[in-house]
Amino acid sequence: MELKKLSLFNECFGQVEGNVQKLDNSPLSQLNAQSLKYETKVPQLEYMCLMMENIVLTKKLKGNVYAGFQKFSRAKNVLDRFQAMTEYSNVHIFGENDAVMDSTDGINYIELPPNSELMREWFLIIDSPTFKSMMVAYDMEGFGVHEVEEGRKFKGVKTSSPRVIEHATNLLAPYIKVTVKG
């Protein structure tokens, strides 16, 4: 599948069982669920990602981390965390090339083609031998709709299913430059 047409949301949403839950004002325990379908806003997605990132950093996981921020500029606030992950894992960030990124920081930046499906998706996939987790969310509104961007609405899935995660990583694999950390 060509990168412009690739949608992790479309490929993976139906593979996760359950009904869609609204996560606004949800308890943190619900956001930590192993598997769920949801509709939510930016703060809840940030929390889910933070918990996944913390596992990579605290457990020093070796493996692959795939992240889609829609735009490279959206990664700037958490770039230090992803750079820290490069000590243990291969880190790949997908996004629209709207900001200058440091090509020597250990992160593999994959530029999305114009009007790519992934430009509407926010995702984080942790794929290591000892821990697997994925969060993918479709941006239902896009940028510039809300005065405060944290109000943007997303629909997505979170899962730890090795089968679903393998499917997602296989879809991303053709666009990854191979570098292996020992």
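Predicted model: local features only at pLDDT ≥ 70, side-chain atom pairs only at ≥ 80, totals over all residues.
Residues are numbered from 1 along each chain as its sequence is written. Local features need pLDDT of at least 70, side-chain atom pairs count only at pLDDT 80 or more, totals for chains, interfaces and linings use all residues, and side-chain values use heavy atoms, with hydrogens and water left out.

**Exercise 1. Find how strand 4 is paired with strand 3 and strand 5, and how the chain reaches strand 4.**

Step 1. Start with the terms: helices (H or I, at least four residues) and strands (E, at least two) are DSSP runs, numbered from the N terminus. Two strands pair if DSSP finds at least two bridges between them.

Step 2. Look at strand 3 and strand 4: they run parallel and are joined by seven bridges. Within this pairing, Ser-89 of strand 4 is opposite Gly-63.

Step 3. Follow the chain from strand 3 through helix 4 (residues 79-85) into strand 4; this β-α-β crossover is right-handed. The word means that, with the strands pointing away from the viewer, the path from the first strand over the helix to the second runs clockwise.

Step 4. Turn to strand 5 (residues 107-111), which is parallel to strand 4 and joined to it by five bridges. His-92 has Asn-108 of strand 5 as its bridge partner, and Gly-95 stands opposite Glu-111.

**Exercise 2. Decide whether strand 4 and strand 5 are mostly covered or open.**

Step 1. Now pick out Glu-96, a residue of strand 4. Glu-96 counts as partly exposed because its relative accessibility is 28%. Its C-alpha atom is 9.9 Å from that of Tyr-109, which is 13 residues away along the chain.

**Exercise 3. Locate Lys-60 and Asn-115 and say what sets their phi angles apart.**

Step 1. Recall that most residues other than glycine have a negative phi.

Step 2. Lys-60 is in the loop between helix 3 and strand 3, and its phi is positive, about 50°.

Step 3. Asn-115 is in the loop between strand 5 and strand 6 (121-127), and its phi, near 60°, is positive too. With a relative accessibility of 66%, Asn-115 counts as exposed.

**Exercise 4. Work out which residues line the largest pocket.**

Step 1. A pocket, on a 1 Å grid over the protein atoms alone, is an open set of points where a 1.4 Å probe fits, with protein on both sides within 12 Å along at least five of seven lines; lining residues have an atom within 4 Å of a point.

Step 2. The lining holds 16 residues, and those nearest the centre are Glu-46, Phe-69, Arg-74, Val-78 and Trp-122.

Step 3. Helix 3 (42-59) and strand 3 (63-71) each give at least two lining residues. The largest share, five residues, is from helix 3.

Methods:
Buried < 20%, exposed > 50% of the residue type's maximum accessible area, 1.4 Å probe, protein only.
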